[in-house]
Amino acid sequence: MQVLYFAYASNMAEGVMTRLCPGHRFLGAAELPGHRLAFTRRSIRTASGVADIVRAPGRSAWGALYELDAADLAAIDEKEGNGWAYRRRHVGVRLAAHEHEQQAHAYAVIAPQEIEIRP
(Lines give C-alpha, C1' and ligand atoms only; values in the text may rest on other atoms or scores of the structure.)
Protein backbone atom coordinates (compact mmCIF):
# COMPACT_ATOMS: atom_id res chain seq x y z
CA MET A 1 0.00 0.00 0.00
CA GLN A 2 1.47 3.35 -1.05
CA VAL A 3 0.60 6.58 0.79
CA LEU A 4 1.52 10.23 0.32
CA TYR A 5 3.48 12.03 3.04
CA PHE A 6 3.89 15.81 3.29
CA ALA A 7 7.22 16.52 4.99
CA TYR A 8 8.21 19.94 6.29
CA ALA A 9 11.17 21.41 8.20
CA SER A 10 13.94 18.89 8.97
CA ASN A 11 11.97 15.93 7.62
CA MET A 12 12.44 17.29 4.09
CA ALA A 13 16.15 16.41 4.24
CA GLU A 14 17.03 13.62 1.85
CA GLY A 15 19.32 12.09 4.50
CA VAL A 16 16.42 11.76 6.94
CA MET A 17 14.22 10.13 4.35
CA THR A 18 16.97 7.80 3.10
CA ARG A 19 17.78 6.64 6.64
CA LEU A 20 14.21 6.21 7.86
CA CYS A 21 12.35 5.36 4.67
CA PRO A 22 14.49 3.41 2.21
CA GLY A 23 11.46 2.77 -0.01
CA HIS A 24 10.46 6.43 -0.38
CA ARG A 25 9.97 8.23 -3.67
CA PHE A 26 10.30 12.04 -3.86
CA LEU A 27 7.42 13.53 -5.85
CA GLY A 28 8.33 17.21 -5.61
CA ALA A 29 7.88 20.48 -3.75
CA ALA A 30 4.38 20.79 -2.32
CA GLU A 31 2.17 23.52 -0.86
CA LEU A 32 -0.13 23.13 2.14
CA PRO A 33 -2.63 25.99 1.71
CA GLY A 34 -4.19 27.63 4.75
CA HIS A 35 -1.29 26.74 7.07
CA ARG A 36 2.04 28.14 8.18
CA LEU A 37 5.17 26.77 9.78
CA ALA A 38 5.36 27.43 13.54
CA PHE A 39 7.46 26.28 16.48
CA THR A 40 4.87 25.27 19.04
CA ARG A 41 6.53 22.42 20.96
CA ARG A 42 9.67 22.21 23.07
CA SER A 43 12.02 19.38 22.18
CA ILE A 44 12.66 16.99 25.06
CA ARG A 45 16.17 16.37 23.74
CA THR A 46 17.36 19.93 22.94
CA ALA A 47 14.83 22.18 24.78
CA SER A 48 14.50 24.22 21.58
CA GLY A 49 11.35 24.76 19.57
CA VAL A 50 10.40 22.13 17.02
CA ALA A 51 8.33 22.63 13.89
CA ASP A 52 4.59 22.34 13.55
CA ILE A 53 2.01 23.23 10.92
CA VAL A 54 -0.80 25.47 12.17
CA ARG A 55 -3.88 26.79 10.44
CA ALA A 56 -3.38 30.24 8.94
CA PRO A 57 -5.97 31.44 6.41
CA GLY A 58 -4.40 33.05 3.37
CA ARG A 59 -0.95 31.56 4.05
CA SER A 60 0.84 28.45 2.81
CA ALA A 61 3.39 26.10 4.29
CA TRP A 62 5.81 24.57 1.81
CA GLY A 63 7.42 21.19 2.05
CA ALA A 64 8.18 18.03 0.12
CA LEU A 65 5.76 15.35 -1.01
CA TYR A 66 6.88 11.74 -0.81
CA GLU A 67 5.31 8.43 -1.67
CA LEU A 68 5.87 5.86 1.10
CA ASP A 69 5.00 2.25 1.78
CA ALA A 70 3.49 1.04 5.07
CA ALA A 71 6.89 0.28 6.66
CA ASP A 72 8.17 3.77 5.82
CA LEU A 73 5.05 5.39 7.31
CA ALA A 74 5.53 3.33 10.49
CA ALA A 75 9.13 4.61 10.72
CA ILE A 76 7.93 8.23 10.44
CA ASP A 77 5.24 7.52 13.06
CA GLU A 78 7.94 6.37 15.46
CA LYS A 79 10.29 9.29 14.73
CA GLU A 80 7.50 11.84 15.21
CA GLY A 81 6.13 10.28 18.40
CA ASN A 82 2.76 9.70 16.74
CA GLY A 83 0.13 9.65 19.46
CA TRP A 84 2.10 11.45 22.17
CA ALA A 85 4.09 14.30 20.58
CA TYR A 86 2.59 14.63 17.11
CA ARG A 87 -0.63 13.41 15.56
CA ARG A 88 -0.73 12.11 12.03
CA ARG A 89 -3.51 13.78 10.09
CA HIS A 90 -4.76 14.05 6.53
CA VAL A 91 -4.12 17.31 4.73
CA GLY A 92 -4.78 18.57 1.22
CA VAL A 93 -1.57 19.50 -0.61
CA ARG A 94 -0.68 20.58 -4.11
CA LEU A 95 2.50 19.74 -5.96
CA ALA A 96 4.19 22.93 -7.17
CA ALA A 97 3.62 21.99 -10.81
CA HIS A 98 -0.07 21.00 -10.40
CA GLU A 99 -3.29 22.74 -9.48
CA HIS A 100 -5.26 19.78 -8.14
CA GLU A 101 -5.15 18.93 -4.45
CA GLN A 102 -4.08 15.52 -3.17
CA GLN A 103 -4.64 14.01 0.26
CA ALA A 104 -1.44 13.27 2.18
CA HIS A 105 -0.37 12.39 5.70
CA ALA A 106 1.33 15.11 7.75
CA TYR A 107 2.16 15.50 11.43
CA ALA A 108 0.93 18.27 13.72
CA VAL A 109 1.80 18.89 17.37
CA ILE A 110 -0.79 17.41 19.73
CA ALA A 111 -0.48 19.99 22.52
CA PRO A 112 0.95 23.21 21.04
CA GLN A 113 2.23 25.94 23.33
CA GLU A 114 0.43 29.27 23.15
CA ILE A 115 3.68 31.15 22.57
CA GLU A 116 6.11 29.94 19.93
CA ILE A 117 9.45 28.57 21.12
CA ARG A 118 12.73 29.67 19.54
CA PRO A 119 14.10 26.89 17.29
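**View 1. Glu 31 and its partner Arg 94.** Glu 31 is buried in this predicted model, at a relative accessible area of 15% (buried is under 20%, exposed over 50%, partly exposed in between, using a 1.4 Å probe and protein chains only). Its side chain meets that of Arg 94 in a salt bridge, 3.3 Å from N to O (the cut-off being a side-chain nitrogen of Lys or Arg within 4 Å of a carboxyl oxygen of Asp or Glu). The two sit 63 residues apart, Arg 94 in strand S4 and Glu 31 in strand S2, and link distant parts of the chain. Arg 94 itself counts as partly exposed, with 25% relative accessibility. Helices and strands here are DSSP runs numbered from the N terminus (H or I, at least four residues, for helices; E, at least two, for strands).

A quick note on conventions: this is a predicted model, where local features need pLDDT of at least 70 and side-chain atom pairs count only at pLDDT 80 or more, while totals for chains, interfaces and linings use all residues. Residues are numbered from 1 along each chain as its sequence is written, and side-chain values use heavy atoms, with hydrogens and water left out.

**View 2. Two other salt bridges, Arg 25 with Glu 67 and Arg 88 with Asp 77.** The total count of salt bridges is 5. In the Arg 25 and Glu 67 pair, the closest N and O atoms are 3.2 Å apart. Arg 25 belongs to strand S2 and Glu 67 to strand S3, so this pair ties together parts 42 residues apart in sequence. Arg 25 is partly exposed, at 46% relative accessible area. For Arg 88 and Asp 77, the closest N and O atoms are 2.7 Å apart. Here strand S4 supplies Arg 88 and helix H2 supplies Asp 77, so the tied parts are 11 residues apart in sequence. Asp 77 is buried at 16%, whereas Arg 88 is partly exposed at 28%.

View 3. Which residues of H2 are buried? They are Asp 72, Leu 73, Ile 76, Asp 77 and Glu 80. The face turned away from the buried side carries Ala 71 and Glu 78, both exposed. At the start of H2, a side-chain oxygen of Asp 69 comes to within 3.2 Å of the backbone nitrogen of Ala 71. Just after the helix, Gly 81 takes a positive phi of about 65°.

**View 4. The largest nonpolar core, with 31 residues.** A nonpolar core is a set of buried Ala, Val, Leu, Ile, Met, Phe, Trp, Tyr and Cys residues joined through side-chain atoms within 4.5 Å. Tyr 5, Phe 6, Leu 68 and Ile 76 have the most contacts inside this one. S3 gives the most to this core, with 7 residues. Beyond its neighbours within four places in sequence, Ile 76 is in contact (heavy atoms within 4.5 Å) with Tyr 5, Met 17, Leu 20, Cys 21, Leu 68 and Tyr 107.

**View 5. Strand S1 (residues 2-7) against S3.** Of the 6 residues in S1, 5 are buried. S1 and S3 (residues 49-69) run antiparallel, joined by 6 bridges (strands pair if DSSP finds at least two bridges between them). Phe 6 stands opposite Leu 65 in S3.

Conventions
Polar contact = N/O pair within 3.5 Å; in protein donor to acceptor, adjacent residues only side chain to side chain.
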